[in-house]
Every structure is written in C-alpha cells, then in structure tokens.
Amino acid sequence: MSAFKELVFSGVQPTGNLHLGNYLGAIKKFVALQENNDCIYCVVDLHSLTAQLVHEDLKDQTRAITAAFLASGIDPRKHIVFNQSRVMQHAELAWIFNCVARIGWMNRMTQFKDKAGKDRENASLGLLAYPSLMAADILVYRATHVPVGEDQKQHLELTRDIAQKFNNDFSDRIRELGLGVAMNVGDETVHGFFPITEPVIGGPAARIMSLRDGSKKMSKSDPSDLSRINLTDDADTISKKIKKAKTDPDALPSELDGLAKRPEAENLVGIYAGLAETSKEAVLREFGGQQFSAFKPALADLAVEKLAPIADEMRRIMADTTHVDNVLKDGGQRAGALAEQTMRSVRDIIGLLQD
Ligand code: TYM
C-alpha cells in the first residue's frame, strides 16, 4: 500500500476586510509552504453564506481575497487558487459527512456557540454544519496538511474525527475495493481512504489579538476598526492604529516569562516577531528594557514596510477583474478534476450508483 501524497489545503472566507491576523496566522504560511509542497488555496464562498446569506458584494469580496493571495506571493500557476462554489464536489462530500458526523460533535464547536449566540434554535442549519463542509474542503483533495490560525484548531480536530469515522465505518468496502492507504497516526500505522490531516498551526502569530483588548482575537467582525490592521490600510492608518494600541505602563521585559499576564504587550511582540520572521524571544533580546514609546514606532515602521507593498499590489491586481476571474476559473477546473477523482472512489465506497 502506498502512503498519502503530501498536499497542503487551506481556505479563507470572503467576509469583510482581511486583517493582520489572517495574514500572519494563515496567508504568510501559505506563501512559505508553496516552496516545497503542492498547495491548494480556496476562497470559501459557500462558508460565508452561513453568516450572511445575502451579500451585496460577494463577488468583489471573493476577488479581493484572491487578490490578497496573489499579492502576498501565492503562485496560481504552480499551485491552485479557486473559489469553493465552482467545485460542486465540496458540497457533495459535505452532505456525506453530514451523515457521518454526529449533531453532538457540531454542538460542541466553540465557534458555533460563539456565532449562534443565545438564540441557537434560530441559527442556520448551515452554521451548525459549517465544520462538515470544512472537512469536505480538505478531504475532497485528501490533503495531508492544513495551515491555519489557532482559532481553527477545533475544526481540524473534527475533520480528523470525520475522516477516522468514515475510514472505520467503511473499512471493509475500502479494503475490498483496494482503496486503503497506509498512514502513521502517532505511533500507529493505520489504513484508510481519508488521511488524518495534520494542522499546521504555530509560530509567534498563530493567534493575533485585538489592538484594543488583548483578551479578544483580532477579527473581521469587531465593530472597532482600531482593533485591527487591515491589509488594505495605508501607511498613516497603520501607524495611527499601532500608536493607539492598548498597552501597559511597563517597559518590555528581556525574557518571555516577563510577558505573562501582559496580553497586550505579548500581542505586539508576537506581531513584530511574525512580521520580522523571528521569535518573540529574539524580539525581546532586541527591545527588552525599552518603553512602548520606542517599540511602537519600530513596530509601525516594520508593519508599513511589510504590508504597504501588499496593499499596493492588491489594488493593482483588483483593477483587472478579468485576470482575477481567469485565475479562479482555471484553478476551479484543475481543482474540480482532482475532487472528482476522490468522489468517484467515495461513491463506490458508499455504494452510490454512477457510470
Ligand atoms: P477565516 O476566513 O475566518 O480566517 C482565515 C484564516 O485566518 C486565520 N485567522 C487568524 N490567525 C491568527 N490570528 C487571528 N486573529 C486570526 N483570525 C483569523 C484563521 O485561523 C484562518 O486560518 N473556517 C475557516 C475557513 C475554512 C478553512 C477550510 C480553513 C473553510 N474551509 C478548510 C482551512 C481548511 C475560517 O473561517 O477562516
């Protein structure tokens, strides 16, 4: 039996502005991973319907995320960039996973609880089933690695549970059809049709917090624009937001322990480390003992240096919507061919009639 071919998959929703958390927690990793891996990066437009069904500008938001991918350095010729709704096999596999996964698994998802709020009965069924579609996004390509920010960890654990249950429930059929693949999970070697996907989470910027409140994550939905740095912010806005970022009155410590119980300080150090591609320890070695009045301007300069070229490039790319649409169309065709291969096997495993 063969082993799974290494393949990277990740997705970003076309809702609101992309911010520094999305960039450092996810997109920057996408760019790094494409050097040594085959990668598929998806604008998950179907997922965005779970929060808001009627979007005035879904098409433009989809193009804007695509432009951010390209402007950050993702190569759509060597890899695949497309929008989810073009490849209907995502929805097909999600339906099958809805029948594999249990309602209890979905009810435990913290993002569902947060997003549904108090009135859970009134949340859309799509919001509850969201992680099932996410598992389908990944597993329809039998992807082995998924770079994401920390907030997606629980969804990826659920993806592993769904893959495992499918592999177990259909183990006989998978064996009969010769579709099992060997994989190492921890110390064990197991066989299955779907890989037990590895999350790629970590580094100093896996969870970037709000600039106004170090206990809340930086988010597209925060009503205060001062809480986040948007990828499209200009240099003055970036500097202003960093200057206004909440901090405490103490100087920066020289060691990591000194950041305990100082969430705002730790967040700014993490942002610096993420942008500079270094560790928090290294940042503290350089800035330990200095006041925020010295650190913040250094951080603002670094943020402008790294982000302004991406914003410029995004604007340039967005001006040519035909090019962006062609990238998505071409990516969709290539992704669709791969997804259909998986689905032919899945239909056989389940026993659905097909030609
Ligand atoms: P989304 O669109 O909310 O966010 C896109 C990526 O940005 C990361 N992220 C952060 N990282 C660090 N700090 C933050 N404050 C921060 N905020 C967001 C997210 O972790 C994510 O990696 N469910 C996903 C989209 C999705 C997906 C998938 C991801 C759908 N299918 C399949 C991977 C694989 C989401 O809502 O991401």
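Which helices and strands each supply at least two residues of the shell around the ligand? Strand β1 (8-12) does, as do helix α1 (20-33) and helix α7 (125-139). The model is predicted.

**The ligand site**

The shell around the ligand holds 27 residues. Of these, Y130, D137, G149, D151 and I208 come nearest. By class, the shell divides into 13 nonpolar, 10 polar and 4 charged residues. The space that the ligand takes is the largest pocket.

The table gives each pair.

| Side chain | Ligand atom | Distance |
|---|---|---|
| N22 | oxygen | 3.1 Å |
| Y130 | nitrogen | 2.6 Å |
| D151 | oxygen | 2.4 Å |

On its own, the ligand has 710 Å² of accessible area, and the protein covers 96% of that. Two residues in the table, Y130 and D151, are also among those that come nearest to the ligand.

**Around β4 and α8**

Where does E150 sit? It is found in the loop between β4 and α8. E150 has a relative accessibility of 34%, so it counts as partly exposed.

Helix α8 spans residues 153-169 and contains H155. Is H155 buried or exposed? H155 is buried, because its relative accessibility is 4% and the cut-off for buried is under 20%. The H155 side chain makes a polar contact with the side chain of Q152, at 2.9 Å.

**Two residues with positive phi**

Most residues other than glycine have a negative phi. R142 has a phi near 50 degrees, a positive value in a residue other than glycine. K261 is another such residue, with phi near 65 degrees.

R142 is found in the loop between α7 and β4 (145-147). K261 lies in the loop between α10 (235-244) and α11 (263-276). R142 is partly exposed, because its relative accessibility is 22%. K261 has 85% relative accessibility, so it counts as exposed; the cut-off for exposed is over 50%.

Y41 lies in strand β2, which covers residues 39-43. How much relative accessible area does Y41 have? The value is 0%, so Y41 is buried. Y41 and A276 are 235 residues apart along the chain, and their C-alpha atoms are separated by 24 Å.

F4 is found in the segment before β1. Its relative accessibility is 16%, so F4 counts as buried. F4 and F194 are 190 residues apart in sequence, yet their C-alpha atoms are 8.8 Å apart in space.

**Back to the site**

The picture around the ligand draws on several parts of the chain. Helix α7 is one of the elements that supply at least two shell residues. Y130, whose side chain has an N or O atom 2.6 Å from a ligand nitrogen, falls in the 125-139 range of α7. N22, with an N or O atom of its side chain 3.1 Å from a ligand oxygen, falls in the 20-33 range of α1. The loop between α7 and β4 also carries R142, with its positive phi.

Technical notes:
Residues numbered from 1 in each chain as written. Predicted model: local features only at pLDDT ≥ 70, side-chain atom pairs only at ≥ 80, totals over all residues. Heavy atoms only, no water. Near = heavy atom within 4 Å. Polar contact = N/O pair within 3.5 Å; in protein donor to acceptor, adjacent residues only side chain to side chain. Areas by Shrake-Rupley, 256 points an atom, 1.4 Å probe, with all protein chains shown as cover. 1 Å grid on protein atoms, 1.4 Å probe; cavity = no way out; pocket = protein on both sides within 12 Å on 5 of 7 lines; lining within 4 Å. Sits in = over half its atoms within 2 Å of the grid points. Helix = DSSP H or I, 4+ residues; strand = E, 2+ residues; numbered from the N terminus. Nonpolar A, V, L, I, M, F, W, Y, C, P; charged D, E, K, R; others polar. Buried < 20%, exposed > 50% of the residue type's maximum accessible area, 1.4 Å probe, protein only.
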